[in-house]
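Q: I've got this one open and want to go through it bit by bit. Can you take my questions as they come?

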Amino acid sequence: MSLLQVDDLTVHFHIRRGLGKKSIDTVHAVDDISFAITEGETLALVGESGCGKSTLGRAVLQLRRPQSGKVLFDGNDLTAMRGEALRKMRRRVQLIFQDPIASLNPRRRIGDIVAEPLIIAGVKDPQKRHQMVSDVLAAVGLDPALVMGRLPHEFSGGQCQRICIARALVLNPEFIVCDEPVSALDVSIRAQILNLLEEMKTRYGLTLLFIAHDLAVVKVVSDRVAVMYLGRLCEVGPSEQLFAKPAHPYTALLIEAIPVPDPDMRPAEAIAVGEPPSPIAPPSGCRFRTRCPRADARCATEVPELRMVAAGQYAACHYPLI
Amino acid sequence: MEELLRVSDLKLQFRSMRGVVKALDGVDLVVHEREILGLVGESGCGKTITGLAILGLLQRPQAEITGGEIIYRGEDLLTKNDGEMQSLRGREISMVFQDPLASLNPVFQVGHQIETVVRIHKGVSKRESRETTRKALAEVGLPATDETLKRYPHQFSGGMRQRVCMAMALACGSPLLIADEPTTALDVTIQAQILNLLLRLREELGVAQVIITHNVGVAAQTCDRIAVMYAGTVVEEGPVVEVLSRPRHPYTTALYQCLPHGHTASELQTIPGSVPDLISPPSGCRFHPRCKHVLDVCPTVKPKPVQVGDRHWVSCFWATGEDGAALGGDDAAKSVDDAAQRAKVTS
């Protein structure tokens with residue numbers, strides 16, 4: 001049973017030439033994206049900067065209202081919810097951001113930061129709050145007695161990310177969107193945080209949408225991977241299968257471009273030429289065609305739909321690699 | 001191969017509000033002609049500072065070099081005055097930085113910016129500098145047209161801006177390029193393009209490079225040798241295949257095992273604890289509080305680099321045996337003398 005289902009989600013940004021003026025251009029940040037996440041699963045959303053992965057994550061949580069499409073969480077359409085109903089629902093979904101230091105208020109103590117969601121959720125008993133905050137801080141590997149009275153600047157990046165994770169977990173949510181949770185961290189710390197997320201997932205029974213640009217990280221944490229390019233999904237499939245046999249040329253390119261820490265390998269030669277086009281005027285048909293070695297006339301006219309290419313693996317390409 | 005640059009026992013500290021930050025504590029590096037050396041380590045370990053120190057770009061008096069030497073083609077750069085360093089930068093040693101947008105002036109056309117560099121360093125005419133600029137642009141894979149020359153930095157994408165910075169660094173034909181995280185701000189597909197470009201520059205122009213990166217993958221794929229830094233010291237330096245396939249220093253081993261690539265195990269290896277505060281760094285070997293193999297001598301004596309193979313050095317008592325310990329005391333006294341000597345020379 002899927003915990004979260006996203007149907008034809010579209011988010012556009014309008015560019016205006018001044019306050020209150022008519023919009024002159026549209027950024028197609030997220031276009032017609034559909035996917036589902038099963039309970040207990042980690043779906044990784046990967047793509048290069050500007051492809052719309054963070055926007056998609058925010059649109060799922062209704063932090064940015066989508067133009068069209070539906071987000072069904074546990075059978076309830078979040079896009080139709082307003083006010084109190086949405087607030088109640090949000091207790092079950094949380095978000096962890098990329099920059100752990102910037103996402104903590106520098107003037108508030110850690111105990112207060114982590115207790116804030118409880119106050120919003122209406123946990124009135126201060127002692128109960130204190131207990132819950134202590135428990136969750138201990139769960140993420142921090143000593144509550146030492147930590148609660150201190151300010152964010154007294155902690156390193158990795159510790160701040162632990163605090164952010166504690167804040168996200170304190171309400172015991174079912175679903176967490178992790179937006180590049182480890183890209184600001186050093187490798188030795190990154191491994192600690194990835195292990196922590198995995199541990200928390202089991203302990204709290206979480207379902208994760210893991211947004212990342214680093215495929216090496218994604219390979220370790222995810223059950224399934226969704227690849228995005230210029231606002232559209234290129235490929236979705238089980239992690240191992242997708243890494244072993246990518247069907248979309250863009251996925252293949254991304255995998256090939258990971259710098260492998262193996263000195264016998266040189267950087268990928270057959271790298272796509274050029275750079276991603278602007279999402280203001282995306283190419284017609286398949287959006288990857290301008291950089292794709294397999295593109296022909298059909299790719300310019302016909303938008304490829306996601307089709308099944310192998311068990312559980314879907315690709316939006318007229319000429320898939322498998 | 002001829003030795004181009006040698007940094008030995010470089011010590012550097014910063015004065016800050018909280019106290020003296022001992023940022024570099026004995027950095028040893030060698031770069032040979034046409035060689036690409038990778039300088040890898042976690043943030044705050046002193047990679048960038050080392051690069052800036054080589055070019056003499058650190059701000060005095062906050063930053064103070066307290067010991068060691070930087071020998072470039074037989075001359076100690078630390079004894080040179082500002083004017084001499086100025087003429088050396090760009091012509092002999094150049095640098096490209098992590099954020100290409102921040103290293104270009106937003107209000108001048110890129111052609112003008114590159115030409116200015118060429119005119120200052122080579123003292124050539126306007127026309128000649130324009131020709132050199134075009135050649136440099138072509139070398140880094142940008143169209144050498146008037147249109148490119150007349151564009152402003154904001155009109156380029158991130159990858160193209162980094163190419164512009166590289167054209168600027170190479171326009172005067174410097175034999176050594178220091179690239180500080182040249183691909184960190186770029187996407188993976190663009191990163192691969194820039195890494196290929198760096199390799200091509202070595203093949204075609206013979207440019208030796210120091211690539212500063214936190215990404216072991218980037219270093220593995222582009223460098224001939226790598227130097228691994230931890231908390232202001234180079235803990236291991238050697239041929240990339242040697243260092244990555246048979247790491248000798250416990251930190252190199254641990255760092256490599258933290259990488260998510262190729263691990264099938266569900267749990268990633270981690271290094272316990274975190275990077276030390278360099279205002280009060282650990283005594284002896286700076287890695288000892290986090291090290292699995294700590295010996296009795298480690299907390300008290302700083303290990304010296306010991307050669308363990310062809311152009312391969314390791315600073316670790318556990319890896320090389322404790323014989324190095326006896327050296328520690330003498331050398332410490334010697335470096336104090338050195339610093340006194342240098343103070344005399346500079347005054």
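Q: Where is Cys172(B) found?
A: This is a predicted model. In it, Cys172(B) sits in the loop of chain B that lies between helix H7 (158–170) and strand S7 (176–180).

Q: Is Cys172(B) buried or exposed, and why?
A: Buried, because Cys172(B) has 20 C-beta neighbours inside 10 Å, and a residue is buried if 20 or more other C-beta atoms lie within that distance.

Q: Which residues is Cys172(B) in contact with, leaving aside neighbours within four places in sequence?
A: Gly90(B) and Arg91(B), then Val117(B), Val118(B), His121(B) and Lys122(B).

Q: What separates the C-alpha atoms of Cys172(B) and Arg91(B)?
A: 5.4 Å, while along the chain the two residues are 81 residues apart.

Q: Other topic: domains. What does the assignment give for chain B?
A: Two entries: domain 1 covers 3–92 + 175–346, and domain 2 covers 103–173. Their centres, taken over C-alpha atoms, are separated by 31 Å.

Q: How many residues does the contact take from each domain of chain B?
A: Domain 1 of chain B contributes 12 residues and domain 2 of chain B contributes 10 residues.

Q: And which helix gives the most to the domain 1 side?
A: Helix H8 (residues 188–205) of chain B, with 5 residues. By type, the domain 1 side that touches domain 2 of chain B divides into 9 nonpolar, 2 polar and 1 charged.

Q: Now the helices H4(B) and H5(B). At what angle do their axes cross?
A: Roughly 115°, with the axes of H4 (residues 110–122) and H5 (residues 126–139) coming within 9 Å. The crossing of H4(B) and H5(B) is right-handed.

Q: Which residues meet there?
A: From H4(B), Gly111(B), Ile114(B), Glu115(B), Val118(B) and Arg119(B). From H5(B), they meet Ser129(B), Arg130(B), Thr132(B), Thr133(B) and Ala136(B). The residues of this contact divide into 3 nonpolar, 4 polar and 3 charged.

Q: What pLDDT does chain B average?
A: 87, and 90% of the residues score at least 70.

Q: Where is the pLDDT below 50?
A: Over residues 324–347 of chain B. Beyond near neighbours in sequence, that stretch has 18 contacts in the model. Where pLDDT is low, predicted coordinates should not be read in detail.

Q: Last one: what ipTM and pTM does the predictor give the complex?
A: An ipTM of 0.80 and a pTM of 0.84.

How values were computed
Residues numbered from 1 in each chain as written. Chains lettered and ligands numbered in written order. Predicted model: local features only at pLDDT ≥ 70, side-chain atom pairs only at ≥ 80, totals over all residues. Axes fitted to C-alpha atoms, helices over the stretch in contact; angles between N-to-C directions. Helix = DSSP H or I, 4+ residues; strand = E, 2+ residues; numbered from the N terminus. Left-handed = near helix turned anticlockwise from the far one by under 90°. Contact = placed C-beta atoms within 7 Å. Nonpolar A, V, L, I, M, F, W, Y, C, P; charged D, E, K, R; others polar. Domains from an automatic or database assignment. pLDDT = per-residue confidence, 0-100. Buried ≥ 20, exposed ≤ 12 C-beta atoms within 10 Å, placed from the backbone.
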